[in-house]
Amino acid sequence: MKTAIFPGTFDPPTLGHLDIIERAANICDKLYIAISENNVKHVPLLSSEEKKYLLNQATRHIKNIEVVTFSGLIAEYAKALDVHFIVRGLRNCTDFEYESQMSSANNALTGVDTLFLVSSPAYSHLSATLIREIGRNGHRLHGFVPESIEETIFKSLSTKSP
Ligand code: ADP
């Protein structure tokens with residue numbers, strides 16, 4: 001049985017994330033979606049509990065998924081769960097430069113490998129940062145985040161924004 005882990009900040013989950021999740025779930029037997037609880041550079045929009053709820057909502061149609069949270073090094077968490085590989089999405093050359101370095105570091109740390117999925121062209125422009133900016137300026141998020149969680153994310157951005 002092949003298991004994999006897709007780590008990220010998911011603040012908020014986007015259609016780009018969902019695309020990677022759907023494709024990764026198709027090529028392994030079990031996929032963990034791992035919400036990072038490490039500090040982020042921006043003021044977080046959503047709590048881990050909210051992200052977990054939203055990711056579960058958005059992936060209800062996918063059966064071989066479990067949403068978890070972690071803090072610390074993903075390489076160590078992946079080893080503790082005994083997964084076969086980490087999954088990451090690549091949108092562009094900037095992602096590639098950062099991700100290839102992370103992949104080598106993770107491999108050096110615990111021997112875990114990373115599988116990269118290139119973003120579908122329809123989603124390669126999407127980032128959580130961009131979506132927070134769009135929502136904070138009062139614009140709806142259809143076409144940016146999964147339809148089933150659009151309302152909740154839009155409301156969070158309208159009410160919690162600094
Ligand atoms: P990070 O993990 O760097 O904080 P995110 O949580 O937003 O960033 O992203 C988690 C993973 O999802 C990363 O591998 C990132 O490259 C990937 N990802 C984010 N947005 C997209 C997208 N639009 N298309 C494909 N992959 C994406």
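Select Ile5 and Ile86: in strand S4 (residues 85-90), Ile86 is the bridge partner of Ile5. S4 runs parallel to S1, and 2 bridges join them. Strands and helices here are DSSP runs numbered from the N terminus (strands are E, at least two residues; helices are H or I, at least four), and two strands pair if DSSP finds at least two bridges between them. Before going on, note that this is a predicted model, in which local features need pLDDT of at least 70 and side-chain atom pairs count only at pLDDT 80 or more, while totals for chains, interfaces and linings use all residues. Numbering starts from 1 along each chain as its sequence is written, and side-chain values use heavy atoms, with hydrogens and water left out.

Next, colour the whole of S1, residues 3-8. How many of its 6 residues are buried? The count is 6 of 6, where buried means under 20% relative accessible area, exposed over 50% and partly exposed in between (1.4 Å probe, protein chains only). Side chains in a regular strand alternate between the two faces of the sheet.

S2 pairs with S1 in the parallel sense, over 6 bridges. Pick Gly8 and look across to Ile35, its bridge partner in S2. Bring in helix H1 (residues 15-27) as well, and you have a right-handed β-α-β unit made of S1, H1 and S2. Right-handed means that, with the strands pointing away from you, the path from the first strand over the helix to the second runs clockwise.

Time for some rings. The whole structure has 2 aromatic pairs, counted for Phe, Tyr and Trp (its six-membered ring) when centres lie within 6.5 Å; planes under 30 degrees apart are stacked, over 60 edge-to-face, the rest tilted. Phe6 and Phe10 make an edge-to-face pair, 5.5 Å centre to centre with 70° between the planes. Both Phe6 and Phe10 are buried. Phe70 and Tyr77 are stacked, because their planes are at 20° with the centres 5.5 Å apart. Phe70 is buried at 5% relative accessible area, while Tyr77 is partly exposed at 21%.

Last stop: Arg140 lies over the face of Phe154, 4.1 Å from the ring centre. The rule asks for NZ of Lys or CZ of Arg within 6 Å of the ring centre and within 35 degrees of the ring normal.
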